[in-house]
Amino acid sequence: MKSYPVGTLERKTVILGWKLIAPTVIIISLLILYPAVYNIYLSFFKVSLNPAIPNQFVGLKNYFGILSDPAFWRSFWVTIAFTLITVIGSMLLGLGVAIMMNRNFYGRSAVRALILLPYVTPLISSVFAWKYIFLPLNGPLVQFLASLHLMNPGTDIINNPNNAFIVVSFFNIWRNFPFVYLMILAKLQSIPSSLYEAAEMDGANWWRKFMSVTLPELYFVIASVALLRGIWNFYKFDEVYLLSKFAGTLPIYIYDTAFAGIPHQGIAASAATILFAVMIGLITVYVKRVLKW
Amino acid sequence: MVRKRSVWKTASFYTLVGLLVIFVFYPFAWMLTISFRYNIDALKSGFFQKFTLNQYEELFGLKQSIRQKLSDEQKELYNLAQTLPKSQREAVLKKIYKEQRKSQFPFLTYFKNSLFLAGLAAFLSLIVSILGAYSFSRIRYPGRGTIQRGVLLVYLFGGTILMVPLYQIFAKIGMTSNPNLAMLSLLIIYMLQTLPVSLYMLGNYFRTIPYSIEEAAIIDGCTRVGAIWRIVVPLSLPAIVTVYIYAFMIGWNEYLFASIFIRPFPGYYTLPVGLSELFNSQHAIWAKMMAASVITAVPVVVLFMAMEKYLTAGFTAGGVKE
């Protein structure tokens, strides 16, 4: 137990501290903690959209309904695959680029600024650019790939439920690798060069130095950034939905259930609860195994 | 590190850098070049086509698009109106203008709505988080650690989890029925979403300012709260601008809640909602969509490039949230 000051001036200071933090605490509890609990509550109800009709308690019916819905399970596995692909992809690309940018070369500052563009540019702008380059027949990237005989120029890969998920994963990697790169580069630059010098004295080659010095030094950063990216991509809605409504991840399933066609917000709430529970489970395992806290 | 590199190694390194630049910039290059084309050239395959600023002029309302030009029927009405007495003439003209406005590409309206929402939400979040960050980086009191960790926990609750309950809460208190109240709900939600980043980044920065400066001000008769505004805030200006830009970007990009709350009120669409709706409508002309995308991107990219040094430091200082 820490001891806290009790004198009147100190008492005043403590009260001031509480006053200053109060708006934050109120906003976060009212608009994040309360809704999170309310979401679980709603998941046991048939939620009515008409304020005059009260919600109807249905017990676990929403959960049984979802767990026996093949569309839910499809979305679930697509979400898991999407998260794995995008996290691994953006981590590898980010690491590679960070190592490249850690070297001095002509035009480095310009390239560094340019690399951040995908991350900084408003989502809606990048989405339209991507939709354009993937247009069937006319899209420049489609034409290029077709000229290499890598794909049939007539296929609409964005609006096809079978491929949409792949394009969306690529888009996510393209858009988010700069974040990974920035975090890794910052750590890379703080590795003392004496470590490398020592390794060189021992006759280590480039690969050996990378494996025995760089990677261990980066381990914690890589693990934490992967965790952040994993959380964000698991919940990712806008990037996926705006590029392709057919990508079929769980957040899209929830959004469509809650707000499109005939809304079933109780069912959406129970899907969100399941998503959250899975997320907490995965994070707990990850934190114990990988971050070793 | 001095090392001899063969020409071959250097060349392959630069090739790699070149490939990276192409990978990053490819979609933007097309976006730019299409935005300077005429409508009929929008889908042609060469990179350069006939250059025009038409799309931009139309978006900014400097030039009327074909759709906006008066239809024959409207022209007749217009000529007829000239012969009518003044009071009737005004009524007819009003009707014509109203119909004309309907067929406009309301880009500037979307732009204003986004600017208003993102700008104000970032500002409000900045005020709340300056106070909050000061509190937990400078003042010791019971419960401080819990609050600090609690703020981080917010990362676990994405919009995906909160969309249904937040909509239900705002609908219950009647904030979804009227466009102004819907905008207010959005303002509150954007402020909420930007709060954790702002708190975290500012808290980290405040810890680097020596307390003795504040102490001196307090000894000179400044109150503690006065010291925040007169000493801490001016000294943290780079961090504050960084946090503001970052929070602004979050609001400028937000789609999920905007699409839920303002869907019924087209006049209140923000850029992401408006443009994605337009994409599915009669206005979806690629050249214009691309010009709109460029204009949407420019303010943010310019802000970012101007502040790049501070912003990248801010990202890596740890406080980041999407």
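**View 1. The helices and strands of chain A.** Helices, here runs of at least four residues, and strands, here runs of at least two, are DSSP runs that are numbered from the N terminus. In this predicted model, chain A has 13 helices and 2 strands.

**View 2. The overall dimensions of chain A.** Along its principal axes, the C-alpha trace of chain A spans about 75 × 75 × 35 Å. Chain A has a radius of gyration of 24 Å, whereas a compact globule of 293 residues would have one near 19 Å.

**View 3. Burial and contacts within chain A.** Of the 293 residues in chain A, 52% count as buried, a term that stands for under 20% relative accessible area. When contacts in chain A between residues at least 6 apart in sequence are considered, 67% of them join residues at least 24 apart.

**View 4. The surface and charges of chain A.** Chain A exposes about 14000 Å², and carbon and sulfur atoms supply 69% of this area. The side chains of chain A include 21 positive and 10 negative ones, and the centres of these two sets lie 7 Å apart.

**View 5. The contact between chain A and chain B.** Chain A brings 95 residues to the contact, and chain B brings 91 residues. About 8300 Å² is buried between chain A and chain B, with carbon and sulfur atoms giving 78% of that area. Leu20(A), Phe128(A) and Tyr132(A) together supply 9% of the area that chain A buries against chain B, which is more than any other three residues supply.

How values were computed:
Residues numbered from 1 in each chain as written. Chains lettered and ligands numbered in written order. Predicted model: local features only at pLDDT ≥ 70, side-chain atom pairs only at ≥ 80, totals over all residues. Heavy atoms only, no water. Rg over C-alpha atoms; globule rule 2.2 N^0.38 Å. Buried < 20%, exposed > 50% of the residue type's maximum accessible area, 1.4 Å probe, protein only. Contact = heavy atoms within 4.5 Å. Areas by Shrake-Rupley, 256 points an atom, 1.4 Å probe, with all protein chains shown as cover. Lys, Arg positive; Asp, Glu negative; His and termini not counted. Charge placed at Lys NZ, Arg CZ, Asp CG, Glu CD. Buried area = accessible area lost by both parts, 1.4 Å probe.
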